Every structure is written in C-alpha cells, then in structure tokens.
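Welcome! Try each task before you read its solution.

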Amino acid sequence: MSILTEKFNTLYYSAPFDKIKNEDYLPAFKELIQKSEKEINEIVNNSDEATFENTIEALAFSGEQLDRASNIFFNLNSAETSDELQQIAQEVSPILTEYSSKISQNEALFNKIKKVYDEKEKYNLNEEQQMLLNETYKGFVRSGALLNEEDKEKLKKISMDLSLKSLQFGQNVLASTNNYFKHITNKENLAGIPEAIIEQYAEEAKERNLEGWVVTLQYPSYIPFLTYAENRELRKELALANGKKSFDGGEFDNQNLIKELLNLKQQKAELLGYANYADFVLEERMAKSPTKVLDFLNELLTKAKPYAEKEIEELKSLAKVDGIDEMQGYDHAFYAEKLRKAKYDLNDEELKPYFPLEQVQEAVFGLSKQLFGLTFEERNDIPKYHEDVKVYEVKENDEYKSLLYVDYFPRKGKRAGAWMTSYKNQYKKDGENSRPHISIVCNFSKPTKDTPSLLTFQEVTTLFHEFGHALHGMMANTQYPNLSGTSVKWDFVELPSQFLENFCYEPEFLKTFAKHHKTGEVLPDEKIEKIEQSKNFMEGYQTMRQLGFGILDMNYHTKVAELENLSVKEFEDNYTTATQLYPSNPETAMSPSFSHIFQGGYSAGYYSYKWAEVLDADAFQYFKETGIFNPETAAKFKVLLSSGGTKDPMELYKNFRGSEPKVESLLKRAFG
C-alpha cells in the first residue's frame, strides 16, 4: 500500500513529504481513482430518490484523497521536479483526465444532478448550497453531459490531448530555460553590475565547476544583467537567448504545440456549442464576453499609450548620449534604471540592504496580524519537500487556522516565477472545520556565506502579491472544498494579491520593516518618498506590456483559424503591434514561453490581471479613505476573503465597498 493512499499520520494531516517516494505515485493514483469511482458509484446506485444531500453534497466531498495526492504531485512537479517526476506526469495526466471525463460524462450521475437542479425550488437551500448546485450542474453541462455518446468520446480525447500537450509545453519551457547559460571569464564584461550580483554569478559558476561567472535565464540572474550590464552586446545576447526560449526550432520548440493546443481548444468549444474558446471561458468570468474584454483592454490602451510613448522618449534621449540611435527592447531595463536613478536617485542595489527576506516576511506576517488577527509560528516537526522550505502554523485567536509552506529560492527543478498554491482545501464536514494547507513559491536570490537573501523592491511587492493569494486560501471558511479559498472566478482571483501590494508603498507601513540588515537604520525618508514617487515609474510601459499579453491571449482564443496561414511569430506581431514600443526582433517571440496561457489557467484570461487592478485600486482607495489599518474596513475585506466562491464576485465586492469598482480609481493611481 502506498503512503499516499493511507490517512496521513501527521500533524494536521500534513503531506508526509519525507516518506513519499517517486515510485509511490503511479500505483497510488490508480488505487485512489478506483476508490473515488467507488464513491461515485455509491451516489449513482443509491436507490433513494436523488436529493441535494445524497447527490450534490456527496459529490462535493468525494475524491478527497485523490485531490490531495494530485495537489502534492503536481505542486512538486512545479517546485521540485526531476526527469523521473516529469515522466510520471506524462503517465499520470491522461489517467486523471480520463477519470475526470468519466465522471463528467456519467449519464446516470448527471440525471440525478439534473433532477435535483430541476426541482431546486422544493429544497430550502441557503446561498452557498444554491451556488454549489448551480456550479455543479453547469460544470457537468460544460464538460459535455448533454452531448451524445460519439461527441462525449471526442471531448474525452480532446481533454486528454490538451492535458498532455500543456504539460509538454511547460516542460519544454523549463528545459529551454535550463539549457542556456552564459559563461563569462573576463570581469570587464560585468562592468556596471553590482558586486552582490557578481558574487551570485560566481557562486553559479562554482556550482558548475567553472572558473569566472555564469549568468542563466533564471529571473534573479537574467533581470539584473539586463538592468545593469554596460556591455550592450552581452545584453543583446542574453535577451535574444531569453526571447528564443522554445522558439529556436530545436528539441524544446513550442510553435507547433501552440497551434495544436489552440486547435484542440477551438474543437472543444465548438463541440460544446460555443463560437470559440474565449466564449466558453468567459461565460464563467466576471467579464462575460470577449467583446467586453477587448473593449476594456482597448480603453486602457488608448488612455495609457500617450504616457508610455512619453516614457520611451525620455529613455531614447538617454540612449542617444551613448550613441544609440535606435533603442531596442534589450536596452529598456538598462536605461530605465539609469532614468530611475537620475529622477529618484534610487536603484535596486541601494534599496536591497533594507529588504532582507526575513524582515520582509516578518512585515507581511505583522500586517496579517494587524488586519486579520493571524499569527505565524515556524514548525520544524512538519515534513517538507526540500531543505529550503519552511513551514508555519497559522493561528487566529490562538486557534489553528492553516499551514503555510514558503519556498523562496531558485533550483534547477523549480519553474521560474512566483506562485501560490494549495496542498489541502478547506471545508466543513461532520461538525469539523478542516483547515487548508497553503504554499508560496518564489525565486529570490539565495543567501551567500556573507549576505542574507536581499530583495529588490519589485521582489518585495512579489512576496506581498503571493501572500495576498495565500491569505485568500488561509482565511477560507466555506462549507464545500470546491467553493473554498481561491476557487473564485478567474478575473476576481487577483484582487487579494494585487490589493496587498499597495501596502508596500505606504510610508507609515514601510518604516516598520525597511531596515538596513547590518546597521538597523530605517530606510531614510527621502528614499521612502522616492519609492512613493517611483511607484508609477514606467507605469505606461508596464501597462502596455500587460495589455499586449491580454490582447494577444484574447485573439489567440477567438481567431485560431488565422493561424492556418500564419506562423506563431506573425500572429503574435499582428496582435501586439499596437502595444509594441520597441522594434520586433524576427529571432524572438514570447508566445512559445507564454506559460500562463498555454500551461497555466490563464487561457482567454490574461486580461484578468488588469481587470483585477481596477478592483484592487478601488478597494485600496476605500482603505485610504477610512485609514489603511482601519479595523472595520479590514473586517469587511476579511468577509470577502473568507467567502471564496460562495457568492457572485460582484456581489461580494459591492458588499465590501458599497458600490461597483470604478476604472477611474486605477487611472488615478497609475497616471495621477
């Protein structure tokens, strides 16, 4: 018997990472699928009349152990993968997809669900129960329950292909990222780069048994190089390597995979009666339709573009002094940093000593206590999957609330970026409130023998961002696991994360934790003032970049037929031209490494970052009006966080704010 199939004999039913072996996964998944199918059969074969309790509720609570095993496996495949784990993922994904299709296309089960749904008036359901019933019924219909047998089979095959191909997409990006490194043996080529970063490059070289310095395409290595390296040719080389990820015609190229994924999504949408995949996705979002999304993005584009163009002109005048007549994308970070320094006399390396990771983490813990009454205690008796990981027991009023895993440093087996995820959902059953296990994964610079991990200010906001997601998970307080925590509409899910970032720019809060790691000196007022002033630095450029991603995503998922006659690069250029501020390079494309929409859950949903920015700007405006630590306002926001997906998100928002969010709040914050 695999450890994954037993009831975990651990504190708070935490994942027994120290005992799980790779060979446990495949047999465990097979056994747990059988167990879950047995639970489904009990619902189907129940001779009593179908009711909300014996059908809808029973289904919501089925497959708990399978969900846990899946969460453990796929989270590790992102945070601590290996060739072996990736191979298992290739075997496991189709099995899980088939199981999922089997349930969603189980006619007898759907007939019972439909009976309860059609007779819902006779049940005295509360708001959350109504939501569960509606979401369950809709979920089955959207999974093909109303299709004939032949079309159900087609849908099943499409779902399996999508699962495998999206997995392959992510593995290709990871391999392509890891495959490249730049070995530098002449220190002159590192001119302009801060000493702490050079030390990091030396450590990387040492790990590879090389002399000198090594720069990789991992974010903490790549971004500082583009930001500070005076050697323009090397900046170009690194940027080209990054832009060629999975776009070089080699083993890990994703161009054909993109077309295959998009065609499969289009087939799925048509099979279910939708014009395109975006229509299918947006039916379940706050935005509702591709037209509304594109109108929203284009309205922001019109308003932001003049600001962005003005910003680029400023950079171009700086580059001209260096004899550069035509700036390229790989010059942007370098000259933006120069301009930031000229305008605000502020650069990342100056600020980093004030933001050691431990202090920043303590600050976000303290803020969570002040706003929501949470406390965090590190536990060394709970298993973890890597020595870099730390585990915290989270309490509210001395009562256990959640486990929080934090995993901050880059590794070869960890994908790039930062994310929050869950190892265990929250739910209430048999009089017990079963609490969640939440994880934050980042890629910050590792401490060296002489220096703690020091964060750039952007990394500070990244940690707050992911912690906002974590709060959404940790504060969950719903009846059913599938309506809990971050199980909300996708264009609502970024509200808590982006909301929390706002605190990083508030002087009264910054002063509580921005202290020099050696001297204890508080970040001087003039620097805090400059952080405030620089908050919207290059906001036009950043907005255009996000809008470019959002518009491209929406067009990929509404105009897939155009790809028959276009390359991925041509399609990308067609739909990002309006947002491009630098010349397009024929050797690079971002789509082949656009994991958010081709591997993650943001297909036809990338716009939700900007959509949620409107929500978060409006929400924080309310906090500013009432006082940023106002307990009544925080209590209202806590209700929003703990409600998960039990209510329509606009209703939740209006209950908190008293009105719908206003675009003007975002424009005011961004451009004054």
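**Exercise 1: A salt bridge across the sequence**

Glu-283, at 33% relative accessibility, counts as partly exposed, where buried means under 20% relative accessible area, exposed over 50%, and partly exposed in between (1.4 Å probe, protein chains only). This is a predicted model: local features need pLDDT of at least 70, side-chain atom pairs count only at pLDDT 80 or more, and totals for chains, interfaces and linings use all residues. Residues are numbered from 1 along each chain as its sequence is written, and side-chain values use heavy atoms, with hydrogens and water left out.

Task: Find which residue forms a salt bridge with Glu-283.

Solution, step by step:
- Begin with the rule: a side-chain nitrogen of Lys or Arg must be within 4 Å of a carboxyl oxygen of Asp or Glu.
- The partner is Arg-142, with the closest N and O atoms 2.6 Å apart.
- Arg-142 lies in helix α6 (residues 127-142) and Glu-283 in the loop between α12 (277-282) and α13 (290-321), so the pair ties together parts 141 residues apart in sequence. Helices (H or I, at least four residues) and strands (E, at least two) are DSSP runs, numbered from the N terminus.
- Arg-142 counts as buried, because its relative accessibility is 13%.

**Exercise 2: Another pair**

Task: Work out where the two partners Glu-37 and Lys-102 lie.

Solution, step by step:
- The side chains of Glu-37 and Lys-102 meet in a salt bridge of 3.0 Å, N to O.
- Glu-37 belongs to helix α1 (residues 22-45) and Lys-102 to helix α4 (residues 83-104), so this pair links distant parts of the chain, 65 residues apart.
- Glu-37 is partly exposed, with a relative accessible area of 22%.
- Lys-102 is partly exposed too, at 47% relative accessibility.

**Exercise 3: A lysine and its contacts**

Task: Decide whether Lys-265 is buried or exposed, and list what it touches.

Solution, step by step:
- Locate Lys-265 in helix α11 (residues 255-271).
- Lys-265 counts as buried, because its relative accessibility is 6%.
- Leaving out residues up to four places away in sequence, Lys-265 touches Leu-162, Tyr-277, His-557, Ile-597, Phe-598 and Ser-603. Contact means heavy atoms within 4.5 Å.
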